[in-house]
Amino acid sequence: MHFELDDGEALHEEAPETFYIPPREQRANLQPGQLAKLVFRIEHDETVDVERMWVIVEEVTATGYVGSLNSQPVSTDELQIGALVPFGPEHIIQIYDDE
């Protein structure tokens, strides 16, 4: 099993009227404890599954973030809740807002 993150900015560029993402300023200024949704492209055997899942920002790094997976993938048991995932602002498709 291997996974990659889709570029949310590229997805938005392909379909700006139907694939909304938060403004870059918001995506580039997350703090630990915030939740961000990412698009995971999970490869296993000869199949590829795409899942949108939440991560909790654990650390802000020089290039982006490290988050812990807060969703259990449907397509695999090899990737578990709590797995650490490095990502950048370009990968974020949604920011959780509890208001």
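Q: Rings of Phe, Tyr and Trp (its six-membered ring) pair if their centres lie within 6.5 Å, with planes under 30 degrees apart counted as stacked, over 60 as edge-to-face and the rest as tilted. How many aromatic pairs does that rule give here?

A: The count comes to three aromatic pairs. One of them joins Phe 3 and Phe 40, a tilted pair with 5.4 Å from centre to centre and 45° between the planes.

Q: Before we go on, what kind of model is this?

A: This is a predicted model, where local features need pLDDT of at least 70, side-chain atom pairs count only at pLDDT 80 or more, and totals for chains, interfaces and linings use all residues. Residues are numbered from 1 along each chain as its sequence is written, and side-chain values use heavy atoms, with hydrogens and water left out.

Q: Thanks! Back to Phe 3 and Phe 40: which strands are they in?

A: Phe 3 belongs to strand S1 and Phe 40 to strand S2, so their pair ties together parts that are 37 residues apart in sequence. Strands (E, at least two residues) and helices (H or I, at least four) are DSSP runs, numbered from the N terminus.

Q: Is Phe 40 buried or exposed?

A: Phe 40 is buried, at 0% relative accessibility, while Phe 3 is partly exposed at 23%. Buried means under 20% relative accessible area, exposed over 50%, and partly exposed in between (1.4 Å probe, protein chains only).

Q: New topic: how many salt bridges does the structure hold?

A: There are three salt bridges. The term means a side-chain nitrogen of Lys or Arg within 4 Å of a carboxyl oxygen of Asp or Glu.

Q: Which residue meets Asp 6 in a salt bridge?

A: That is Arg 41, at 2.9 Å from N to O. Asp 6 sits in the loop between strand S1 (2-5) and helix H1 (8-14), and Arg 41 in strand S2 (residues 35-44), so the pair ties together parts 35 residues apart in sequence. Asp 6 is buried, with a relative accessible area of 13%, whereas Arg 41 is partly exposed at 29%.

Q: And which residues are linked in a network of salt bridges?

A: Glu 9, Arg 24 and Arg 27 are. In the bridge between Glu 9 and Arg 24, the closest N and O atoms are 2.5 Å apart. Arg 24 lies in helix H2 (residues 24-27) and Glu 9 in helix H1, so this pair ties together parts 15 residues apart in sequence. Glu 9 also meets Arg 27 in a salt bridge, at 2.9 Å from N to O. That pair links distant parts of the chain, 18 residues apart, with Glu 9 in helix H1 and Arg 27 in helix H2.

Q: Last one: where is Ile 81?

A: Ile 81 is in the loop between strand S4 (65-69) and strand S5 (84-87). At 52% relative accessibility, Ile 81 counts as exposed. The C-alpha atoms of Ile 81 and Thr 47 are separated by 21 Å, and these residues are 34 residues apart along the chain.

Q: Oh, and Asp 45, buried or exposed?

A: Asp 45 is exposed, with a relative accessible area of 81%. You can find Asp 45 in the loop between S2 and strand S3 (47-60).
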